Amino acid sequence: AGRDLSLDVEIDDANNDYATICDAGLVRQALTNLIQNAKDSLDEHRTATPTIRIKLQSEDDMIAIIVTDNGPGFPEMDFEKLIEPYVTTRQKGTGLGLAIVSKIMEDHSGTMHLGNADNGGALVCLKFPIHAVTHTEKGQIDG
């Protein structure tokens, strides 16, 4: 397993202030689960040049975080089933990764969409509501 994993992070408009009110620990866990899922899938399928991309962009009044990989993509099945606890298509998967991410998104009034990337790999899109954040004169954030 001496292949180097490439992790690309892209922010589509660095001029935008993306602000959402969230539990940073939970959102970190959601992203960690998605990256771990992608890494495990790339490892299991021995993908030649394993690559995971994370893209941040605004869509309407939502902040979208899109995680894609260049692995085999999600299996041909009902994506809703993949979100159910203990459902997994991997040998060593617990089937909790996507269930946890889905619950975290629900708790943040956001959404999770599963699909396949243009290159055939897996795509997961998390959308959070954008919150207007104003800074008070003392420089504190007033949400």
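This is a predicted model: local features need pLDDT of at least 70, side-chain atom pairs count only at pLDDT 80 or more; totals for chains, interfaces and linings use all residues.
Residues are numbered from 1 along each chain as its sequence is written, and side-chain values use heavy atoms, with hydrogens and water left out.

The secondary structure of the protein consists of 3 helices and 7 strands, where helices (H or I, at least four residues) and strands (E, at least two) are DSSP runs numbered from the N terminus. Along the sequence the pattern reads β-α-β-β-α-α-β-β-β-β. Of the 143 residues in the protein, 36% are buried; buried denotes under 20% relative accessible area, exposed over 50%, and partly exposed the range in between (1.4 Å probe, protein chains only). Among contacts in the protein with a separation of 6 or more, 60% come from residues 24 or more positions apart, a contact being heavy atoms within 4.5 Å.

An open sheet is formed by 5 strands in the order E1-E2-E3-E5-E4, with mixed pairing. Its edge strands, each pairing on one side only, are E1 (6–11) and E4 (111–116). From one strand to the next the twist averages 15 degrees. Two strands are taken to pair if DSSP finds at least two bridges between them. In general, strands of a sheet pair through backbone hydrogen bonds, either parallel or antiparallel.

Strand E3 (residues 62–69) has antiparallel partners in E2, over 8 bridges, and in E5 (residues 122–129), over 7 bridges. E2 and E3 form a hairpin with 2 residues between them, and Asp-60 in the turn has a positive phi of about 55 degrees. The bridge partner of Ser-58 in E3 is Ile-63. Towards E5, Ile-66 stands opposite Cys-125 and Val-67 stands opposite Val-124. E3 is mostly covered, with 8 of its 8 residues buried. Both of its faces are covered: Met-62, Ala-64, Ile-66 and Thr-68 are buried on one side, and Ile-63, Ile-65, Val-67 and Asp-69 on the other.

Helix H1 (residues 24–44) lies across E2 (51–59), E3 and E5, and runs at about 140 degrees to E2. Helix H3 (residues 97–107) lies across E4 and E5, at about 140 degrees to E4. Axes are lines fitted to C-alpha atoms, for helices over the stretch in contact, and angles run from 0 to 180 degrees between N-to-C directions.

Side chains of opposite charge can pair when their charged atoms come close. A salt bridge is defined here as a side-chain nitrogen of Lys or Arg within 4 Å of a carboxyl oxygen of Asp or Glu, and by this rule the count is 5. Glu-10, Arg-53 and Lys-55 are linked in a network of salt bridges. Between Glu-10 and Arg-53 the closest N and O atoms are 2.6 Å apart; Glu-10 belongs to strand E1 and Arg-53 to strand E2, 43 residues apart. Between Lys-55 and Glu-10 the corresponding distance is 3.7 Å. Because Lys-55 lies in E2 and Glu-10 in E1, this pair ties together parts that are 45 residues apart in sequence. The relative accessibility is 29% for Glu-10, 39% for Arg-53 and 28% for Lys-55, and Glu-10 counts as partly exposed, as do Arg-53 and Lys-55.

A further salt bridge joins Asp-107 to Lys-103, with the closest N and O atoms 2.7 Å apart. Both residues lie in helix H3, 4 residues apart, about one turn of the helix. Asp-107 is partly exposed at 48%, and Lys-103 is partly exposed at 43%.

Leu-7, Val-9 and Ile-11 make a nonpolar surface patch of about 290 Å². Patches consist of residues with over 30% relative accessible area and no salt bridge, like charges being joined within 9 Å and nonpolar side chains (Val, Leu, Ile, Met, Phe, Trp, Tyr) within 5 Å. Ile-11 is found in strand E1 and is partly exposed, with a relative accessible area of 47%.

Methods. Accessible areas come from the Shrake-Rupley method with a 1.4 Å probe; for residues, only the protein chains shown count as cover.
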